[in-house]
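Opening my notebook on this one. I'll jot down what I looked up, item by item.

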Amino acid sequence: MMIYQRTIGILLALATCSSAFSPTSPAAIAASSRNNNDDLVTMKIATGDSTATAADSSTTTTPSILQDYEYHTSSRLPYSPTGYSTWDWKTIHNPQNQQVENSSLETTTTKTTHSINFIEMGDPSKPALILVHGFGASSYHWRYNIPVLARKYHVYALDLLGFGWSDKPIMDYDASVWRDQVVDFANEIVMNNGEKDIAIAGNSLGGYTAMYASSDDRIKENVKACILLNAAGRFRNPEAATDDEEEKGEPNPIIASISAAIQRFIIGCSFVYTKQPMRIEQVLKQVYPINESNVDSELVESIQTPALDDSAAEVFYRVITKNGRGPQAYVDDILKEIECPVLLAWGESDPWIKSAAADKMELLHAEFHGENVGGENGSRWIRRVSIDAGHCPHDEAPEAVNDAISQFVDEVLSV
């Protein structure tokens, strides 16, 4: 019983550490039907072709809720229960290709169109800033940041696949899915297949995604700044001699099947439990330890609504299980590849991702790139700004985070 209670506690923490699921709009659900009209493209999954996820894009017009919105005078984004703008992301990340990949076969693969929700605000002539939400959250979680930052930058915030108002396909999710989504979004929507200076910021899982995308060769030259707000991610085990020792061996298949069944049951129970409004508010206040007044009715509503989506529980299960085990890119390796300045805007009262994680990132960055205060010796430098907040500093202490991001980006881009 104690093990069960502890497991539930961990899952609740994961489910709510960056808020939680936000609603899928009827338009997004309808858009999923386009997946039946997939484009076929012949390629080998094993090739690792960096252009494999490139896609044609299309977007909707400015949503009606934002048409008369004046971000120069308002500091809070209007809440839309049906989402904002839509990007049609054509990608090889889909169940069909995962089956082929798992079978190690070389065959024709399918490109699927996923409907992705995003917000765009600001002057297109200004440098671009992409905001990536955390686990289970949505673009709306940047409600206090988008309007203010849009006064200086061309701001975008997108919903990661499986979250918010974006499609929730039943497939396996890992970090490469969201990395490729941000990379393609930067290329197709932000730069419109051209060239533009970009800064990428992310919270929690979104911080990890921002790091991962910033280090990717497809957009690395255009990413001039990376901002991490209590970023998630796994570090290498310094006591492991080889990569193989980092991962556990394959379990007995019978034990594995029983374990998976129990795990699915427990995660299913936790998903049902966390959708209760009072429980949502209670847990959110744990991760907003300094300013719990920002846990308001709109935030709670945006978390409760996803239970209406038929795929939400299964996606929740698959995200939790996939990202809780198996090979992933380590923070160490990603930081080593990042060539732009990095800002750690860290909520120092985070009960889930402790300040020690930021300490570790600073040490690793110095180990890989040397002491480089303020870019005296090139572009690879790191700065840390402590925020009096918990796991979601951008929503709990938005003024401090907006100031930190603005000062950092202005310095890097010489705005």
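**Cysteines**

I checked Cys-226 for a partner: its sulfur is 5.4 Å from the closest cysteine sulfur, in Cys-340, so that is too far for a bond. My cut-off for a disulfide is a pair of cysteine sulfur atoms within 2.5 Å, and the structure holds zero disulfides. Cys-226 counts as buried because its relative accessibility is 0%; Cys-340 is buried too, at 5%. Buried here means under 20% relative accessible area, with exposed over 50% and partly exposed in between (1.4 Å probe, protein chains only).

**Ground rules**

I note that this is a predicted model, where local features need pLDDT of at least 70, side-chain atom pairs count only at pLDDT 80 or more, and totals for chains, interfaces and linings use all residues. Residues are numbered from 1 along each chain as its sequence is written, and side-chain values use heavy atoms, leaving out hydrogens and water.

**Asn-230**

I found Asn-230 in the loop between strand 7 (223–229) and helix 8 (253–274); helices (H or I, at least four residues) and strands (E, at least two) are DSSP runs, numbered from the N terminus. With 0% relative accessibility, Asn-230 counts as buried. Its side chain makes a polar contact of 2.9 Å with the side chain of Asp-350. For a polar contact I need a pair of N or O atoms within 3.5 Å; within protein, one must be able to donate a hydrogen and the other to accept it, and residues adjacent in sequence count only if both atoms are side-chain atoms. Leaving aside neighbours within four places in sequence, the contacts of Asn-230 (heavy atoms within 4.5 Å) include Asn-203, Trp-346 and His-391.
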